[in-house]
Amino acid sequence: MIHLQDIAYVRSGAADLATAVGFAVDVVGLELVERTGDRAWLRADERHHCLAFVEGRSGVLSTGFTVSDENALADAERTLEAAGVKVVRGSAAGARERHVRDYLAFEDPFGNVVELVTDQVRLPRPLAFGRPAGITEFGHLCLDAPDVRAAYRFWSSLFNTRVSDWIGDRACLLRIDPVHHKLAVFKGDRPGLCHMNFQVASLDDVMRNWRFLEERGVEIEFGPGRHPQSTAVFLYFKGPEGLTYEYSYGVRRITDEQAWRPRYFDPDEPDAIDMWRGKGSISSQPQLSTGLVER
Ligand SMILES: O=C(O)c1cccc(O)c1O
Ligand SMILES: [Fe+2]
């Protein structure tokens, strides 16, 4: 069993790096930690970054999760290989650029590139947010898969993820700690990143951010609304490079692990995703081919 400790980052290709960074800082409100000629690293909390842009084709490159140490990483490699999943060990240069001690990469059964990392660098200095959006942390990430049930089997048989709730066969919300979900899988035709989520400090932050985005003509995809699963108040909006961001406030914590029973919501009910019955659709950022596995 591979024990995921936490989510680490999203790595995204950016055809227009300056615009992607500008939006992440000035609109989303993240801190620009480091910028080189063709790369940028942004943070929302103590993690060195939760979002890295690499100039090149638009699309998601990979998502990262932390495991505890080198033993856990070596165990993960063995576990994945025993399950027939091809693993590529990270290089020293790759680890430096990810600001982790070591890492490996693999593809989930649908072609989402996932990285497992040890020792993601923490930056203790106070956050210098791009704007006061109220961000408290990188909340969760959501992958696409054509078969959500098969994705659940993959994530729950090899990893410590536990399902918190189902939205029919359309979505599976998985936890790796008391937070209701840190990983979600949504049904989509192709692999990709459905969205990345940032927790904000209050309901007022969600609503202020909504006004802020509207005034600037940012495309609101869905919300404000309230998810019946985590009970969080949410807002999804579209950034450059096809990246969907979600702000949310008030995510449920599952403190009694034994008592929790996953619930099954009917995706065709009008309040399946939004208790306030708003309508919207969340578009995805397609997975870029990284050449990890020859197809
Ligand atoms: O927070 C949730 O419960 C939730 C539900 C459906 C879809 C999401 O993205 C969510 O974050
Ligand atoms: Fe979400």
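The space taken by ligand 1 is the largest cavity. This is a predicted model, where local features need pLDDT of at least 70, side-chain atom pairs count only at pLDDT 80 or more, and totals for chains, interfaces and linings use all residues. Residues are numbered from 1 along each chain as its sequence is written, chains are lettered from A and ligands numbered from 1 in written order, and side-chain values use heavy atoms, without hydrogens and water.

Q: How do you know how much of ligand 1 the protein buries?
A: Accessible areas come from the Shrake-Rupley method with a 1.4 Å probe. Taken alone, ligand 1 exposes 290 Å², and the protein buries 99% of that.

Q: Why are strand 6 and strand 7 said to pair?
A: Two strands pair if DSSP finds at least two bridges between them, strands being DSSP runs (E, at least two residues) numbered from the N terminus. Strand 6 and strand 7 (residues 102–107) have three bridges, in the antiparallel sense, so they count as paired. V87 has F106 in strand 7 as its bridge partner.

Q: What makes strand 2 and strand 6 edge strands?
A: The open sheet has the order 2-3-4-1-5-8-7-6, with mixed pairing. Strand 2 (31–35) and strand 6 (87–89) each have a single partner strand, so one side of each lacks a neighbour in the sheet.

Conventions:
Helices (H or I, at least four residues) and strands (E, at least two) are DSSP runs, numbered from the N terminus. On a 1 Å grid over the protein atoms alone, a cavity is a set of points where a 1.4 Å probe fits but cannot get out, and a pocket is an open set with protein on both sides within 12 Å along at least five of seven lines; lining residues have an atom within 4 Å of a point. A molecule sits in a cavity or pocket if more than half of its atoms lie within 2 Å of its grid points.
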